[in-house]
Amino acid sequence: MKKIEAVIKPFKLDDVREALSDIGVTGMTVTEVKGFGRQKGHTELYRGAEYVVVFLPKMKVELVVADDDVERCTDAIVNAAKTGKIGDGKIFVTAVERVLRIRTGEENEDAI
């Protein structure tokens, strides 16, 4: 099993959710996060004063999938989230040792 974490632009969240749903992903966790990479923030004007926004708003989508589904899921995320501009985000794939569904006690792929 693998955990996929995708940090994407907020306005792309619905597209990513739909793309994952279309390939059969039944659950995910979404978190509002802030950060920066090469994008490095930007300058804004508020009530006549200029200030720098260093941490940009992003969405983090997390899902755990079977090893065989990783490529399909990452491809779906890339195709849905890509704008071709800086700041499109990143995808991290890590190994998951164990999953346990609290309600039923099911484990690993049965619990996904």
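Modeller: T26 lies in the loop between α1 and β2 (29–35), where helices (H or I, at least four residues) and strands (E, at least two) are DSSP runs, numbered from the N terminus. This is a predicted model, in which local features need pLDDT of at least 70 and side-chain atom pairs count only at pLDDT 80 or more, while totals for chains, interfaces and linings use all residues. Residues are numbered from 1 along each chain as its sequence is written, and side-chain values use heavy atoms, with hydrogens and water left out.

Biologist: Is T26 buried or exposed?

Modeller: T26 is exposed, with a relative accessible area of 75%; buried means under 20% relative accessible area, exposed over 50%, and partly exposed in between, with a 1.4 Å probe and protein chains only. The C-alpha atoms of T26 and V65 are separated by 10.0 Å, and the two residues are 39 residues apart along the chain.

Biologist: And what about E18, where does that sit?

Modeller: E18 has its place in helix α1, and at 42% relative accessibility it counts as partly exposed. From E18 to A76 the C-alpha to C-alpha distance is 9.4 Å, although they are 58 residues apart in sequence.

Biologist: Changing topic, how do the elements of the chain run from the N terminus on?

Modeller: They run β-α-β-β-β-β-α-β, which comes to two helices and six strands. The radius of gyration of the chain, taken over C-alpha atoms, is 17 Å, well over the 13 Å that the globule rule (2.2 Å times the number of residues to the power 0.38) gives for 112 residues, so the chain is more spread out than a compact globule. Along the principal axes, the C-alpha atoms fill a box of roughly 55 × 30 × 20 Å.

Biologist: Which residues have the most contacts inside the largest nonpolar core?

Modeller: They are I4, I8, V16, L20, L63 and C73, in a core of 18 residues; a nonpolar core is a set of buried Ala, Val, Leu, Ile, Met, Phe, Trp, Tyr and Cys residues joined through side-chain atoms within 4.5 Å. Two or more residues each come from β1 (2–8), α1 (13–22), β5 (56–65) and α2 (70–81), and α2 gives the most, with six residues.

Biologist: What does L63 touch, then?

Modeller: Leaving aside residues up to four places away in sequence, L63 touches K2, K3, I4, L20, V25, G27, M28 and C73, where contact means heavy atoms within 4.5 Å. Across the chain, residues 24 or more positions apart account for 71% of the contacts with a separation of 6 or more, and buried residues make up 30% of the 112 residues.
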